[in-house]
Amino acid sequence: MAQAGGRAIVVVLASCGLVASFMQTLVVPLIPAFPKLLNASATDASWVVTVTLLAGAIITPVAGRLGDLYGKRRVLLASLAVLVAGSVISALTSSLALMVVGRGLQGCAMGVIPLGISIMRDELPPERVSGAVALMSATLGVGGAIGLPLAAVVAQNADWHVLFWSAAALGVVCAALILRYVGESPVRTPAPFDYLGAFGLVVGLTCLLLPIVKGGEWGWGSAGTLATAAAAVVVLLAWGWYQLRRRDPLVDLRVSARRPVLFTNLASILVGFSMYAMALSFPQLLQAPSATGYGLGQTMVQAGLCLAPNGLVMMALSPVSARLTNRYGARVTLMTGSVVIALGYVFAILLMDNVVELVTASVIIGAGVGIAYAAMPALIMGSVPVTETASANGLNSLMRSVGTSTSSAVMATLLANLTITVGALTVPSLTGFRTTFAVAAVAAVIGLGLTALVPPVRAKTAAPEPAAV
């Protein structure tokens, strides 16, 4: 393929990845207002965020497998069509139930990222794959970070439904660009689709997140909480047993059990968890009233703008991550990112007295996420055959999405239960914020330990000039 065509593919696919990941944080500026806007409790309203992450977690391996079977471009376009449909539903309602449905459909766009990575591997010259994949992988964090201030500007200056009309328009533009610049990948793996495996994954992940989100309301030792947690264990174990015995599984757990893939995926859960903790907690701390003694009293737009630099840092460091991977291996690069993330949260625990300190902490965390996210596909692609690239990257994105969706549930629960009352307002306490930062830092450290267990193998693809991407 001509160089200009290759550049166009990278730009278009990365843009689609930004839009898909933007859906994760599209409504974060509205979290404090959702109970009133949707006439729901704070716990129930949190599903407007969590369901998008849950849908993203489910769709990533499904989309990857469908891409291997029926064509990556075709499935990519279908993912964008579902995003548009979900955006329109959300734009037309103020009902919690319909909003959750629409947001779940928006989350289905997350399949764009593993599909885009696979198309890049199929279509680009080998020397450009590493840098392009690093950029595409980084969009998972960048889109959410850049989307925060944009969503805040729209939500503060227009009717909040405009956010969803804007998301629908972005989905249409991305689909048009795909049709114009991205051809169908010739790499296919003909086989029947595993519908039962997809259903089991939906049930298992839903049962996993439900007790985390509702545990505080139901009671952590209640029958409902314990029953759904037990159901998650049983369903996911049965799902794994079924996948191992199926000839054409949704997720090839034997490939996933290879040491580099297994520990990369486990580390991805922890990195995803740490990344999303910032997206949920920092805006609330920035917007907390100064009367609390620790709140920084920023408006919705100001809070979003404060967090914009960390998204830019993620994007800027994706080529740096590619260079580190080419020189030292993706394992070292992922370990470096995990260390930087942990240091960012430690900084936030110790220094959170003013806006500059919190912006600095977010930039440090964003740097770590940018380095780590860009390194993960290199570890995965170096360990799987080319015919399984989409499904393997889909599983890796699933692990990241499991981390972000779990983070959403855990952090929302912590901040909802560790509160203080200031006048008529009930807001998360200083202890609540520091606890979330500490939990996120510990998650990053555990991710570092898991990455250390990955065999030290250099990436198979090189990118002498990743900045050219």
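Start by colouring the chain by pLDDT, the predictor's confidence in each residue, from 0 to 100. Among the chain's elements, helix H5 has the highest mean pLDDT (94) and H12 the lowest (74). Elements here are DSSP runs numbered from the N terminus: helices (H or I) of at least four residues and strands (E) of at least two. This is a predicted model, in which local features need pLDDT of at least 70 and side-chain atom pairs count only at pLDDT 80 or more, while totals for chains, interfaces and linings use all residues. Residues are numbered from 1 along each chain as its sequence is written, and side-chain values use heavy atoms, with hydrogens and water left out.

Across the chain, pLDDT averages 83, and 92% of the residues score at least 70. Now select residues 458–469. Here the pLDDT is below 50. Beyond near neighbours in sequence, this stretch still has 32 contacts in the model; a contact means heavy atoms within 4.5 Å. Where pLDDT is low, the predicted coordinates should not be read in detail.

**The whole chain**

Zoom out. The secondary structure comes to 18 helices and two strands. The radius of gyration is 21 Å, close to the 23 Å that the globule rule gives for 469 residues, so the chain is as compact as a globular protein of that length. That radius is taken over C-alpha atoms, and the rule is 2.2 Å times the number of residues to the power 0.38. Along its principal axes, the C-alpha trace spans about 60 × 45 × 45 Å.

Colour by burial next. Buried residues make up 58% of the 469. Buried means under 20% relative accessible area, exposed over 50%, and partly exposed in between (1.4 Å probe, protein chains only). Of the contacts with a separation of 6 or more, 82% are between residues 24 or more positions apart.

**Salt bridges**

How many salt bridges does a search of the whole structure find? There are two. Each needs a side-chain nitrogen of Lys or Arg within 4 Å of a carboxyl oxygen of Asp or Glu.

Select Lys-72 and Asp-122. Their side chains meet in a salt bridge at 3.0 Å, N to O. Lys-72 is in helix H5 (residues 72–91) and Asp-122 in helix H7 (residues 112–123), 50 residues apart. Both are buried.

Move to Arg-246 and Asp-194, which form a salt bridge at 3.6 Å, N to O. Arg-246 lies in the loop between H11 (223–245) and H12 (253–256), and Asp-194 in the loop between H9 (162–181) and H10 (195–218), so the pair ties together parts 52 residues apart in sequence. Buried or partly exposed? Arg-246 is partly exposed, with a relative accessible area of 22%. Asp-194 is buried, at 2%.

**Aromatic rings**

The structure holds six aromatic pairs. Rings of Phe, Tyr and Trp (its six-membered ring) pair if their centres lie within 6.5 Å; planes under 30 degrees apart count as stacked, over 60 as edge-to-face and the rest as tilted.

Select Trp-160 and Phe-164. Their ring centres are 6.2 Å apart and their planes at 80°, so the pair is edge-to-face. Both residues are buried.

Go on to Tyr-294 and Phe-433. With centres 6.1 Å apart and planes at 65°, this pair is edge-to-face. Tyr-294 lies in the loop between H13 (259–287) and H14 (300–328) and Phe-433 in H18 (residues 430–452), so the pair ties together parts 139 residues apart in sequence. Tyr-294 and Phe-433 are buried.
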